[in-house]
Structure formats: C-alpha cells, structure tokens
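Visitor: Hi! I'm new to this. Can you walk me through this one?

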Amino acid sequence: MYRAGDAFANAEWVAKLDRVADRLDLDAEARSSAEDLFLSGVPEEERSKRAALAAAVYAGSLVAGDQRSQTAVAEAADVSRQSVQGRWKDLLADAGLEPPTW
C-alpha cells in the first residue's frame with residue numbers, strides 16, 4: 001500500500017497515467033486500480049517509471065475487467081510491449097493479487 005504523500009510526490013506520473021488511460025478509454029475502476037498499483041510500487045529510478053506506469057495500466061485494466069492488450073497499452077504509454085510484459089505480473093503479485101493463468 002502507498003502513503004497519501006506518494007500521490008502528491010508522483011503527481012506528474014499520475015497525470016501521465018491519466019493521459020494513457022484517456023487514450024485507451026479506460027473506465028473509472030480500471031483507472032483507480034492502475035493508479036493504486038503504480039503508487040504502490042513506484043520505482044526509484046526515473047527511467048523505470050514509464051514502464052512501471054504502463055504495466056500498472058495493463059494490470060489495472062485486467063483487475064477491473066476492462067482489459068486492453070499489452071500492445072495497445074504499450075503504444076499509449078510510449079514503451080515497448082516487452083516492458084509491459086515483463087512487469088505486470090510482479091505488480092499484481094506485490095499487491096497480493098494472483099495473475100490470470102490463461
């Protein structure tokens with residue numbers, strides 16, 4: 001879980017997450033899940049934040065049942081599909097959620 005101050009400290013990244021969610025036309029539940037996942041595991045390194053954001057959007061859309069493809073999320077976030085693919089399961093696991101096994 002994250003602290004309230006984490007949202008303030010990462011306001012720029014939360015705004016970017018909102019723009020990505022807008023591009024994907026995600027519903028409110030998916031956006032909220034994505035933000036919670038992102039803020040719960042914001043990487044220290046600035047260069048890793050964009051990939052973590054994309055993975056959080058993908059995982060949040062799965063959790064909310066408003067799924068988008070990894071490719072669509074990667075394009076909307078301007079990262080590679082591999083960046084999303086390599087991070088989303090760990091985000092869910094760190095949040096105590098079990099990734100789907102399809």
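Visitor: Where do the coordinates come from?

Guide: This is a predicted model, where local features need pLDDT of at least 70, side-chain atom pairs count only at pLDDT 80 or more, and totals for chains, interfaces and linings use all residues. Residues are numbered from 1 along each chain as its sequence is written, and side-chain values use heavy atoms, with hydrogens and water left out.

Visitor: And what average pLDDT does the protein get?

Guide: pLDDT is the predictor's confidence in each residue, from 0 to 100. The protein averages 94, and 99% of the residues score at least 70.

Visitor: Where is confidence lowest, and where is it highest?

Guide: The lowest is helix 1, residues 4-9, with a mean of 87. The highest is helix 5, residues 70-77, at 98.

Visitor: Back to helix 4. How many residues does it have, and how far does it reach?

Guide: Helix 4 has 16 residues and spans 22 Å from its first C-alpha to its last. That is close to the 22 Å expected at 1.5 Å a residue. The expected span is 1.5 Å times one less than the number of residues.

Visitor: How many of the residues of helix 4 are buried?

Guide: 14 of the 16 are buried, so helix 4 is largely enclosed by the rest of the structure. Buried means under 20% relative accessible area, exposed over 50%, and partly exposed in between (1.4 Å probe, protein chains only).

Visitor: What about Lys49, buried or exposed?

Guide: Lys49 counts as buried, at 9% relative accessibility.

Visitor: What comes just after helix 4?

Guide: Gly65, which takes a positive phi of about 75 degrees.

Visitor: Which residues other than glycine have a positive phi?

Guide: Asp25 is one of them, with phi near 55 degrees. Asp78 has a positive phi too, near 60 degrees.

Visitor: Where do Asp25 and Asp78 sit?

Guide: Asp25 is in the loop between helix 2 and helix 3. Asp78 is in the loop between helix 5 and helix 6, residues 81-85. Asp25 is exposed, with a relative accessible area of 59%, and Asp78 also counts as exposed, at 63%.

Visitor: New topic: helix 2. How many residues does it have?

Guide: Helix 2 covers residues 11-24, so that's 14 residues, and it reaches 20 Å from first C-alpha to last, close to the 20 Å expected at 1.5 Å a residue.

Visitor: Which residues of helix 2 are buried?

Guide: Trp13, Val14, Lys16, Leu17, Val20, Ala21 and Leu24. They cover an arc of only 155 degrees around the axis, which puts them on the same side of helix 2. The arc is that of the directions from the helix axis to the C-beta atoms.

Visitor: Which residues lie in the loop between helix 3 and helix 4?

Guide: Among them are Pro43 and Ser48. Pro43 is buried, with a relative accessible area of 15%, and Ser48 is buried as well, at 11%.

Definitions and conventions: Helix = DSSP H or I, 4+ residues; strand = E, 2+ residues; numbered from the N terminus.
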